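Keep the model open as you read.

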Amino acid sequence: MPSSRPSGIPHPLSRAGELSIEMTRWPSVTESDDEAAFSGRLMALLGDTSYFRRHPEQLLALDSHGDPARQNVLALVRGKGRRCLVLAGHFDTVSIANYGALASLACEPEALTEALIAELSNKARNPAENKEFTDLLSGDFLPGRGLLDMKSGLAAGITALERFAERDEPPGNLLFVATPDEENRSRGMRAFRDALPAFAEKFDLDIVGGINLDASGDDGDGEEGRAVYLGSVGKFSPFAFVAGRPTHAGYAFDGVSAHLIGAEIMRAMEFNSALCDEAHGELSPAPVCLEAKDVRHGYEVTTPAHVWLSFNWLTHRRTPEDVLGEFRALVGAAMRTALDTQTRNAKSFFNRQGSGHAGPHEGRVLSYAELHELAIAHGGQAAADRLNALDQSLSGGEDPLSTTRQIVAATLTEAGLEGPLVIIGFSTLHYPRVHLDGAGTEGRIFERNVMSAAEKCAARHGTSIRAKQFFAGISDMSFFGHRPATAQTRLLSDNTPCSAFIDRAPDGLLSYPVVNIGPWGRDYHQKWERVHMPYAFDVLPDLIFEVAVACLEDES
């Protein structure tokens, strides 16, 4: 009987391939009810394996957030001793909206493959579409929402866990964790991080390391994607809330242009390669603007009082103090340039007109912490109560930039200040930069064991697996095995207007070395998201297993 699979898909699939497709068929878009339901489905799948039928007490669900509750799934396979390695990955996905007319097939990889091939066959293709078409016809790539990012990583982890459980006496303990909410605020991973000390004490475990299972992208032959990442970028989201002085458009020089100040800030920040970090021989991406708009409601022939900009700034070494300090200096210089430009233009205009006077303008830059202090000094406890109430009312929103913008505007009103000035701070959750270099001797030993296992696995499969320094995607790895510095936490919390975007890490967190080892593919988060099957379904599960055994066997 002929296979029902599209001709390009291998048959039969490995255990990891079958799991990848099965879990992709369970929709789990972030913040949806499907995300909440996923953990129950995964618990049932794991609970049906022979090991967890014998040890149901080692399969647990841990509440994270939301109503209905999003849950972490924890599956522990026990061996000898206390040493334990953690495998972790997320199960939530981005929206399926960009599939358009094919949205109903977004989570059906085999049917989606056929539909995408048919769609591409019947149109004039640009170079990117030609690549997608070639990939799908090759039989090496499989599309589907969340298949690459990152259910194939979860499947590889589960396959390694099952193989570990089959050993007569495993060398240590292996804990698999599947988390929600990575695509939003990493609330799943942060809930797991906070609960891990008590979990480790309950099961008498010594956590010696972790493997994050997230996916990477590679537009080439996979050499870049077949990688062990020894660290992950840090993410900052600095904002600039510009307050000018509004005026009627016919009397432009009576006011101060918030747009001109914002434009100079944009020019100074956007793609500024001087702001890229270099560490361990790798360069961080340049900062980019994620949102720029004036803050007004409705049309009127008046210049806007406020302009808002929020940037994405990825780092390899900069601290929160570094970023806020550099951003403050950059914003201050940009504002001076804008005000000087406006003054020069005003002088030229009045000279040509033969009347009028152009006076200089002085601006200032305030951090959000400074603005908040001024607001409380001006409005007292009543102002504090109003701002707290606003914060709580907006904390459940799904648009962090809008939430932060509203809180900053309200705080500026409470402070009774007028422009020209710029408020700076952080608009969303900070993702810390992490690297094995922060784990000292333990990190060096962990790297040695990981790369030794990777070299053996690569030789076995006739491929290459390289070490890379920084995972470029923003991921749960920033909160996995990482204990944030108290001083940095205070600076971030004071300058992040919305409390929902502040990581309030409790005392007593565990710290241990972590790497990222996951599948590779192309166009994740896009309609053409697709995973490279030979690596994800065959090489990756073997690699994760070998790395886990190598790290657990070495007790040095």
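Predicted model: local features only at pLDDT ≥ 70, side-chain atom pairs only at ≥ 80, totals over all residues.

Strands β3 (residues 83-90) and β5 run parallel to each other, paired over seven bridges.

Now look at β5 itself, which covers residues 173-179. How many of its seven residues are buried? Seven of the seven, so the strand is mostly covered, with "buried" meaning under 20% relative accessible area. In a regular strand, side chains alternate between the two faces of the sheet. Here N173, L175, V177 and T179 point one way, while L174, F176 and A178 point the other way, and all are buried.

Next come the peptide bonds. The one joining D149 and M150 is cis, with omega at about 0°, and M150 belongs to helix α6 (residues 147-165). Another cis bond runs from G419 to P420, with omega near 5°. P420 is found in the loop between α11 (400-415) and β17 (421-426).

Finally, check phi at two spots. E31 is not a glycine, yet its phi is positive, near 75°. You'll find E31 in the loop that links α1 (15-24) and α2 (33-47), partly exposed at 27% relative accessible area. D523, also a non-glycine residue, has a positive phi near 60°. D523 lies in the loop between β21 (520-522) and β22 (530-532), and with 28% relative accessibility it counts as partly exposed.

Terms used
Residues numbered from 1 in each chain as written. Heavy atoms only, no water. Buried < 20%, exposed > 50% of the residue type's maximum accessible area, 1.4 Å probe, protein only. Helix = DSSP H or I, 4+ residues; strand = E, 2+ residues; numbered from the N terminus. Pairing = 2+ DSSP bridges.
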